[in-house]
Amino acid sequence: LYSIHCLYNALSSSVNLNNAPLQITVLETGKSDCIVIKIEDKTVMIDTGLDENGEKIVNFLNKNNIKNIDYLIISHLDQDHIGGLDKLLDDISVTEVIQPNYTRDTNPYQKYQEALTEEELIPVYLSNEMQIDINGASLTLYPPLKDKYELSNDYSIITSLTYGDHSFLFTGDAESIRLNEFLSTHPQHYTLLK
């Protein structure tokens, strides 16, 4: 059993199975991304939205009694995916941060780096596939295959989550080049694509 909460205005459907061992919540953060995955007593978060989303994200976590993020996956380093990190770290502890293996010369990235340094968090710079097994669920993180892309969105880490007979694919902002790159090496069907 699992539950998916789509907290977007455009997506009003919600499957709510109370106390399901797997819960996926896609927070409504405008054009940005923040996805919270609860697997029993463990929490995975993909992206932290924009700076202005930070308080909303923290409020959601507090309301759901989430005090620690076990794995924070940063799909890529655009401001709408890293902006809320500083506010998140003010209230919530993070055990491990995983990000793509590249840097940006932008103010949001500088602020992101400062927030990590202040909390003495050293991210894992993903350059090879990584598998994480958590309470019966399996997460596989796929880094970009090239060192250089024309579009920053194509640096996105793609995350696959398998739980029982169901699989979920979280693609960050990967565009056609990155998606084709991924699908050419990992063709399969998914229960949910975000």
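Predicted model: local features only at pLDDT ≥ 70, side-chain atom pairs only at ≥ 80, totals over all residues.
View 1. Strands β10 (residues 137-142) and β11 (residues 158-163) run antiparallel and are joined by 6 bridges; Thr-140, for instance, has Ser-160 in β11 as its bridge partner.

**View 2. Helix α1 with its buried and exposed residues.** Within helix α1, which spans residues 54-63, the buried residues are Gly-54, Ile-57, Val-58, Phe-60 and Leu-61. Seen down the helix axis, these buried residues fall within an arc of 160°, so they line one face of α1. In an α-helix, residues three or four places apart point the same way because there are 3.6 residues a turn. The exposed residues Glu-55 and Lys-63 are carried on the face of α1 that is turned away from the buried side. The elements covering the buried residues of α1 include β3 (22-26), β4 (35-39), β5 (42-46), β6 (68-73) and α3 (85-91).

View 3. With a relative accessible area of 7%, which is under the 20% limit for burial, Asn-53 counts as buried. When neighbours within four places in sequence are left aside, the contacts of Asn-53 are with Thr-29 and Ser-32.

**View 4. The largest nonpolar core, and another core apart from it.** The largest nonpolar core has 27 residues, and those with the most contacts inside it are Met-45, Leu-61, Leu-72, Leu-88 and Tyr-112. At least two residues of this core are supplied by each of α1, β6, α3, β7 (93-100) and α4 (107-118), and the largest share, 4 residues, comes from α4. Apart from this core lies another, of 21 residues, among them Val-26, Val-44, Leu-126 and Tyr-163.

**View 5. The surroundings of Leu-61.** Leu-61, one of the buried residues of helix α1, is also among the residues with the most contacts inside the largest nonpolar core. Not counting residues up to four places away in sequence, Leu-61 touches Val-36, Met-45, Ile-66, Ile-69, Leu-88 and Ile-92.

Conventions
Residues numbered from 1 in each chain as written. Heavy atoms only, no water. Pairing = 2+ DSSP bridges. Buried < 20%, exposed > 50% of the residue type's maximum accessible area, 1.4 Å probe, protein only. Arc of directions from axis to C-beta. Contact = heavy atoms within 4.5 Å. Core = buried A, V, L, I, M, F, W, Y, C linked by side-chain atoms within 4.5 Å.
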